[in-house]
Amino acid sequence: MSITRFKQPVRLDYQVPAGPTTDRFLTGILEKKLLGRRCPACRKVYVPPRGACPTCAELCEEEVEVAQEGEVTTFCVVNIPFEGQLLTPPYACAHIMLDGCDSPLLHLVGGCDVSEVRMGLRVRAVWKDPIEPTLASIRWFEPSR
Ligand SMILES: [Zn+2]
């Protein structure tokens, strides 16, 4: 017999500098606004915002507020529990294309049974109270129609 695996609790606290683009995004969150940036070349809007367009490499400086409603483009239902899991399965994670945005936002879909989640489902943001400067201030996206 050989020991190939053992449990070892590990904790690492660290701070990440937000930078000006993320700072503005998180400040918008505190106002319940979803702020993106538009590429001056291809005109795509990114949320969360990017300092530079991943396609064109152009600086994205134009700020754009996008809708808090959008469409599920793809999703998965998590049914299997795992160590360190914060939510109780089953729950749905989805790529949500917010109206006015060209990049999907990864978030939870809730407020409905996971069997109701599908591609094309219209959803809207449900905010937590109080709001903190994190995307987790959106509890989840729930069906809007
Ligand atoms: Zn671009």
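F141 touches Q68, I96, L98, L105, H107, L108, V109, G110, V123, R124 and A125, leaving aside residues up to four places away in sequence. The model is predicted. F141 is also among the residues with the most contacts inside the largest nonpolar core, and β8 (138-143) is one of the elements that supply at least two residues of this core.

**The nonpolar core**
- The largest nonpolar core has 23 residues.
- Besides F141, the residues with the most contacts inside this core are V66, I96, L98 and V109.
- At least two core residues each come from α1 (19-30), β3 (62-66), β5 (91-98), β6 (105-109), β7 (122-127) and β8 (138-143).
- Four residues of the core belong to β5, which gives the most to it.

**Strand β7 and its partners**
- Strand β7 is largely enclosed by the rest of the structure, because five of its six residues are buried.
- On β4 (residues 69-78), β7 has an antiparallel partner, and the two strands are joined over three bridges.
- Within this pairing, G70 has V123 of β7 as its bridge partner.
- β7 also pairs with β8 in the antiparallel sense, here over five bridges.
- R124 has E142 in β8 as its bridge partner.
- Both V123 and R124 are among the residues that F141 touches.

**Rings and charges**
- Zero aromatic pairs turn up in a search of the whole structure.
- The ring of W140 has the charged end of R139 over it, 4.0 Å from the ring centre.

How values were computed. Residues are numbered from 1 along each chain as its sequence is written. This is a predicted model: local features need pLDDT of at least 70, side-chain atom pairs count only at pLDDT 80 or more; totals for chains, interfaces and linings use all residues. Side-chain values use heavy atoms; hydrogens and water are left out. A nonpolar core is a set of buried Ala, Val, Leu, Ile, Met, Phe, Trp, Tyr and Cys residues joined through side-chain atoms within 4.5 Å. Buried means under 20% relative accessible area, exposed over 50%, partly exposed in between (1.4 Å probe, protein chains only). Contact means heavy atoms within 4.5 Å. Rings of Phe, Tyr and Trp (its six-membered ring) pair if their centres lie within 6.5 Å; planes under 30 degrees apart count as stacked, over 60 as edge-to-face and the rest as tilted. A charge sits over a ring if NZ of Lys or CZ of Arg is within 6 Å of the ring centre and within 35 degrees of the ring normal. Two strands pair if DSSP finds at least two bridges between them.
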